[in-house]
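Here's a quick briefing on charge pairs and nonpolar packing.

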Amino acid sequence: MNDRDLLVEIARSLAAHSLSPGTSGNISIRTGNGWLMTPTNARLGALTPERLSLLDTDGNHVAGDTPTKEAPLHLAVYEERPDAAAIVHLHSTHAVAVACLEDLDPDDALPPLTPYVVMRVGRVALVPYMPPGDARLVELVRERARTHGALLLANHGPLVAAPTLEAAAAAAEEMEETAKLVLLLDGKRARRLTVEEVAELRQPPTS
Ligand SMILES: [Zn+2]
């Protein structure tokens, strides 16, 4: 499957799982000569391959529809993470709800409740709130992306960079599922995975 078809398919899948309310959420992939991105004001469930925005290596829009207004966030993360080939950013309901909670751990905003969030997402960094489109938000995202592939933008939503689009989408979905658990367990005494249990999951397989 080519890059355009894959991006459209993943966008539809995220929309089908109700992870992109309205026209929210945007996706990008690194190509050989720039980036493909979802357009502004587009429903992720109703995209076609031709409409995707093509940006050159300097981030200039060169073909397709006008790119998402959140393109600068994507470009900043790619600059900081040479390993990243795809980014998924959502306004998925439960992850946004957690992003609105006070007292989140800025370096571990989604707790290690299950092995899956540890393996598919890793540690999630909280990005302090700034209004959409504000250049300071781009700089805060850039700063946190240096050390974390998964970010939770306060009062906004998750943004994940990964080596493949499939991995980025899976991580964004896992963040949403973990956020549901955080909310379900609110006020209850949940057992988190221990430091040792998390370390064991992060070790590369020995065979
Ligand atoms: Zn957003």
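What follows covers the salt bridges, then the nonpolar cores.

Keep in mind that this is a predicted model. It holds 12 salt bridges, and the nonpolar side has a largest core of 44 residues plus a second, separate core of 23.

- Start with Arg144 and Asp107, whose side chains form a salt bridge at 2.6 Å, N to O.
- Arg144 sits in helix α5 (residues 135-145) and Asp107 in the loop between α3 (93-99) and α4 (115-120), so this pair ties together parts that are 37 residues apart in sequence.

- In helix α5, Arg142 and Glu139 are 3 residues apart, about one turn of the helix, and they pair up with their closest N and O atoms 3.2 Å apart.
- Arg142 is buried at 14% relative accessible area, whereas Glu139 is partly exposed at 42%.
- The Lys180 and Glu177 side chains meet at 3.1 Å, N to O.
- Both partners here are partly exposed, Lys180 with a relative accessible area of 30% and Glu177 with 38%.
- There's a network to look at as well: salt bridges that share partners link Glu79, Glu80, Glu139, Arg142 and Arg146.

**The nonpolar cores**

- As background, nonpolar side chains in soluble globular proteins tend to be buried together.
- In the largest core, with its 44 residues, the members that touch the most other members are Leu14, Ile27, Val88, Val124, Leu152, Leu165 and Met175.
- Helix α6 gives the most to this core, at 8 residues.
- Which residues does Ile27 touch, leaving aside those up to four places away in sequence? Its contacts are Leu7, Ile10, Ala11, Leu14, Leu36, Met37, Thr38, Leu44, His74, Ile87, Val88 and Leu165.
- The second core is separate and has 23 residues, among them Leu75, Ile87, Val141 and Ala161.
- Ile87 is worth a look, then: it is a member of the second core, yet it also turns up among the contacts of Ile27.

Definitions and conventions
Residues numbered from 1 in each chain as written. Predicted model: local features only at pLDDT ≥ 70, side-chain atom pairs only at ≥ 80, totals over all residues. Heavy atoms only, no water. Salt bridge = Lys/Arg side-chain N within 4 Å of Asp/Glu carboxyl O. Helix = DSSP H or I, 4+ residues; strand = E, 2+ residues; numbered from the N terminus. Buried < 20%, exposed > 50% of the residue type's maximum accessible area, 1.4 Å probe, protein only. Core = buried A, V, L, I, M, F, W, Y, C linked by side-chain atoms within 4.5 Å. Contact = heavy atoms within 4.5 Å.
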